[in-house]
Amino acid sequence: MALVEMLMPKMGESVMEGTILNWLKKVGDSIEQDEPVLEVATDKVDTEIPATHSGILQEILAKEGEVVQVGKPIAIISTEGVTLADNPLNQEDTQEVFAAIEQSLNQAKEFIQNPIQPQDTQTDRFYSPLVLNIAKQENISMLELSAIPGTGMDSRVTKHDILNYVQQKKNQEVQIKPAILTPQVTGETKLETPKTPAFTPTASTIPSTPAVSLNGNMDIIEMDRMRKMIAQRMVESVHISPHVTTFVEVDVTNIVLWRNKIKEAFKKKEGENITYTPIFIQATARALKDFPMVNISVEGDKILVKKDIHIGMAAALPNGNLIVPVIHHADHLSLVGLTKKVNDLANRARLNKLSADELSGGTYTISNIGSFGNEMGTPIIVQPQVAIMAFGSIKKKPAVIETPSGDMIAIRHMMFISHSYDHRVIDGALGGSFARRVADYLEAFDLQTEI
């Protein structure tokens, strides 16, 4: 028989390893080329890995939870139709398989007969984005999800677990009405029983993992995998780069008036909304062309000046975590092109539909903190970049306007931009001049700009 090694594929230019989340196939299963075989998590995204060849999954070389370098073998595929009959399980393996099947059946049977009540569903499980997406599509609430028996590592709910549960509900016509959390004006929560299960996790109502209270005076929440990675990256960035932040107040009245004038026509013509973010990205891209020494990275004692302008945009996910999709060659896109790209990436980021490449290769990052009502901040640099800019909320303020006939006070739309930069390679003059140039481009926005 012909045996072929299946290797951990490259999932982005900066992704060097992946963590095995879940095997979708078991030893002895027939697989088709390009059929999903396993789920892998990287520091960028969770994704399904397709089979490189058709045949029989002969051996699994990397266990769930194992970190594997790109290019290393993770499985062996028999390409000549070899089945388990040609390579039978030994008695010990067979007993383990049947024991696992029996345990799963017993758990499923017990769950159908005795649905777990809301107060019994507090767990610290990790749910992969794939499982959450299926739950959303099938209208399964978070508390209902927490009651599903899991067969993955640490009783984690796998793709097969939730799909089996969905099919089980349809076949058995199980009626489950779990209580869900609903936000109150005070910010507290109460339990409410809806007629139809809802899937509404948000950063403000449902933590990424349920809280555990020891004495009623303090809750303990285990960080999920993504939050752990974010924490590690933030600490590393502060250790690597001495951060300095410069603030500039910008008059964006022309931008506000222009957007108010064209937003309805734009939506009718293009079928989507236009926000301020594409305008901020356009101004940033122009300033990076003027100041190429901001569009750099550091490697040892060398400065790498990037010719391409790839701008990352920090986006908050519904669970409160942060992700940074990248607009590659942002300087090559028109305002309409940037708008479509921003909307597409933001929408797919919330649905966990981004590829690893769409989260890689950024040379500079922006963050629109104004969407949260914040005026200014001190953003942390995304390594190996050397700078990041935050755009604050736009507020009406009295401002002094210079006119040919003298100065006057008028109500203007004002905004702060906050520019954090790596003081190893960017001094105050360069960091401040760059921030001022972005402000100049925003203030000079033409009210007659065509769409």
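This report walks through a predicted model of a protein chain, from its overall make-up to some of its single residues.

## The chain as a whole

Let's begin with the big picture. The protein chain has nine helices and 23 strands. Of its 451 residues, 40% count as buried. The chain exposes about 24000 Å² of surface, and carbon and sulfur atoms supply 52% of that area.

How do residues meet across the sequence? Take the contacts between residues at least 6 apart in sequence: 63% of these join residues at least 24 apart.

## Helix 6 and its bend

Now let's look at one helix in detail. Helix 6 runs over residues 253–270, which makes 18 residues. From its first C-alpha to its last it reaches 24 Å, close to the 26 Å expected at 1.5 Å a residue. Where does helix 6 bend? The bend, of about 45°, is at Ile 262. After the helix comes Gly 271, whose phi is positive, near 80°.

Several residues of helix 6 are buried: Thr 253, Ile 255, Val 256, Trp 258, Arg 259, Ile 262 and Phe 266. An α-helix has 3.6 residues a turn, so residues three or four places apart point the same way. What covers the buried residues of helix 6? The cover includes two strands, strand 13 (243–251) and strand 23 (406–422). It also includes helix 7 (277–290), helix 8 (335–350) and helix 9 (428–443).

## A buried leucine in helix 8

Helix 8, part of the cover over helix 6, holds Leu 345. Is Leu 345 buried or exposed? Leu 345 has a relative accessible area of 0%, so it counts as buried.

Leaving out residues up to four places away in sequence, Leu 345 touches Met 313, Pro 325, Val 326, Ile 327, Leu 354 and Glu 358. Leu 345 and Pro 325 are 20 residues apart in sequence, while their C-alpha atoms are 6.5 Å apart in space.

## Aromatic rings that meet

Next come the ring-bearing side chains. The structure holds five aromatic pairs. One of them joins Phe 280 and Phe 391, which are stacked, with 4.4 Å centre to centre and 5° between the planes. Phe 280 lies in helix 7 and Phe 391 in strand 21 (residues 387–391), so this pair ties together parts that are 111 residues apart in sequence. Both partners are buried: Phe 280 has a relative accessible area of 2%, and Phe 391 has 0%.

Tyr 364 and Phe 434 form another pair, this one tilted, at 5.4 Å centre to centre and 55° between the planes. Tyr 364 belongs to strand 20 (residues 364–367) and Phe 434 to helix 9, and the pair links these distant parts of the chain, 70 residues apart. Here Tyr 364 is buried, at 0% relative accessibility, and Phe 434 is buried too, at 0%.

Which residues do ring pairs link into a cluster with Phe 280? The cluster is made of Tyr 276, Phe 280 and Phe 391. Arg 259 lies over the face of Tyr 276, at 4.8 Å from the ring centre.

## Backbone details in the loops

Finally, let's visit a few loops. Pro 384 sits in the loop between strand 20 and strand 21. The peptide bond leading from Gln 383 to Pro 384 is cis, with omega near 5°.

Asp 34 is not a glycine, yet its phi is positive, near 75°. You can find Asp 34 in the loop between strand 3 (30–31) and strand 4 (36–41). With a relative accessible area of 57%, Asp 34 is exposed. Asn 139 is another residue other than glycine with a positive phi, of about 60°. Asn 139 lies in the loop between helix 2 (129–137) and helix 3 (142–146). How exposed is Asn 139? At 33% relative accessibility, Asn 139 counts as partly exposed, because that category lies between under 20% for buried and over 50% for exposed.

Notes:
Residues numbered from 1 in each chain as written. Heavy atoms only, no water. Helix = DSSP H or I, 4+ residues; strand = E, 2+ residues; numbered from the N terminus. Expected span 1.5 Å × (residues − 1). Bend = angle between axes of the 7 residues up to and from the residue. Buried < 20%, exposed > 50% of the residue type's maximum accessible area, 1.4 Å probe, protein only. Contact = heavy atoms within 4.5 Å. Areas by Shrake-Rupley, 256 points an atom, 1.4 Å probe, with all protein chains shown as cover. Phe/Tyr/Trp six-rings, centres within 6.5 Å; stacked < 30°, edge-to-face > 60°. Lys NZ or Arg CZ within 6 Å of the ring centre and 35° of its normal.
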